[in-house]
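Here are my notes for a colleague opening this structure. They are meant to be read with the model on screen.

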Amino acid sequence: GFPQQVTEDYGTGLLALSQKKQIVDSDANVWGHSASNFSDENKELIRFIYGAMQCARRFENDPVAMQILLEDFPHLRPIGSRLKYYLSRKRKLKQPANLIRGFLSWLFHELLILRARLKFYRYPYSQTWKPISSTK
């Protein structure tokens with residue numbers, strides 16, 4: 001049925017896709033706010049990862065949903081797969097400095113994943129977040 005303890009509207013779309021329902025494109029205008037400073041961008045990413053972890057728990061027995069989730073959120077993949085994902089994105093540019101940036105980006109994201117994981121273990125069903133102070 002409809003997810004009751006999953007954050008984000010992503011859970012609704014994941015449920016529809018896992019049931020082989022089609023999601024059609026729309027030309028509707030949608031406005032939103034996004035973080036506009038480094039600190040709030042990190043909080044936002046932690047929130048996204050946290051919500052993805054809740055979706056993974058909810059859909060753990062649904063292979064179709066889990067495949068979609070792992071494609072959309074590389075943060076949920078095993079650690080070696082996450083490193084490969086970050087390095088492969090930089091390797092395409094064929095510059096050694098980009099591999100270093102890819103590694104540092106991976107390392108920083110691992111810290112954010114750890115913070116999201118700690119929050120998930122403490123508050124597995126929470127649907128509220130601390131507000132961010134900046135939006136653009």
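1. **A term to start with.** A residue is called buried under 20% relative accessible area, exposed over 50%, and partly exposed in between. K43 sits at 40% relative accessibility, so K43 counts as partly exposed. Keep those cut-offs in mind below. The model is predicted.

2. **Overall make-up.** The protein chain has 5 helices and 0 strands. Along the sequence the pattern reads α-α-α-α-α. The chain holds 136 residues, and 32% of them are buried. Take the contacts with a separation of 6 or more: 69% of them join residues 24 or more positions apart. The accessible surface comes to about 9400 Å². Carbon and sulfur atoms own 57% of that surface.

3. **The largest core.** Which residues make up the largest nonpolar core? There are 11: L14, L15, A52, C55, A56, F59, A65, M66, I68, L69 and F73. The largest share comes from α3, with 4 residues. As background, nonpolar side chains tend to be buried together in soluble globular proteins.

4. The buried residues in α3 are A65, M66, I68 and L69. Viewed down the axis of α3, the buried residues fall within an arc of 160°, so they line one face of the helix. They pack against α1 and α2. What does the face turned away from the buried side carry? It carries P63 and E71, both exposed.

5. **Helix α1.** G11, L14, L15, A16 and S18 are buried in α1. Two of these, L14 and L15, also belong to the largest nonpolar core. The cover over the buried residues of α1 includes α2 and α3. After α1 comes K20, with a positive phi near 65°.

6. **Salt bridge within α2.** The whole structure has 2 salt bridges. One of them joins the side chains of K43 and D40, at 3.7 Å from N to O. Both residues lie in helix α2, 3 residues apart, or about one turn of the helix. D40 is buried, because its relative accessible area is 1%.

7. **Salt bridge between helices.** The side chains of E110 and R82 also meet in a salt bridge, at 2.7 Å from N to O. This pair links distant parts of the chain. E110 is in helix α5, R82 is in helix α4 (residues 79-91), and they are 28 residues apart. Both E110 and R82 are buried.

8. **P74 in a loop.** P74 is found in the loop between α3 and α4. Why does P74 count as buried? Its relative accessibility is 6%, and the cut-off for buried is under 20%. Leaving aside neighbours within four places in sequence, P74 is in contact with R82 and Y85. R82 is the residue that meets E110 in a salt bridge. P74 and I49 are 25 residues apart in sequence, and 9.5 Å apart in space, C-alpha to C-alpha.

9. **A nonpolar patch outside.** F38, F108, L111, L114 and L118 form a nonpolar patch on the surface. Together they have about 460 Å² of accessible area. Which helix gives the most to this patch? Helix α5 (residues 96-122) does, with 4 residues. L118 is found in α5. L118 counts as partly exposed, because its relative accessibility is 40%.

Terms used: Residues numbered from 1 in each chain as written. Predicted model: local features only at pLDDT ≥ 70, side-chain atom pairs only at ≥ 80, totals over all residues. Heavy atoms only, no water. Core = buried A, V, L, I, M, F, W, Y, C linked by side-chain atoms within 4.5 Å. Buried < 20%, exposed > 50% of the residue type's maximum accessible area, 1.4 Å probe, protein only. Helix = DSSP H or I, 4+ residues; strand = E, 2+ residues; numbered from the N terminus. Patch = residues over 30% accessible without salt bridge, like charges linked within 9 Å, V, L, I, M, F, W, Y side chains within 5 Å. Areas by Shrake-Rupley, 256 points an atom, 1.4 Å probe, with all protein chains shown as cover. Salt bridge = Lys/Arg side-chain N within 4 Å of Asp/Glu carboxyl O. Arc of directions from axis to C-beta. Contact = heavy atoms within 4.5 Å.
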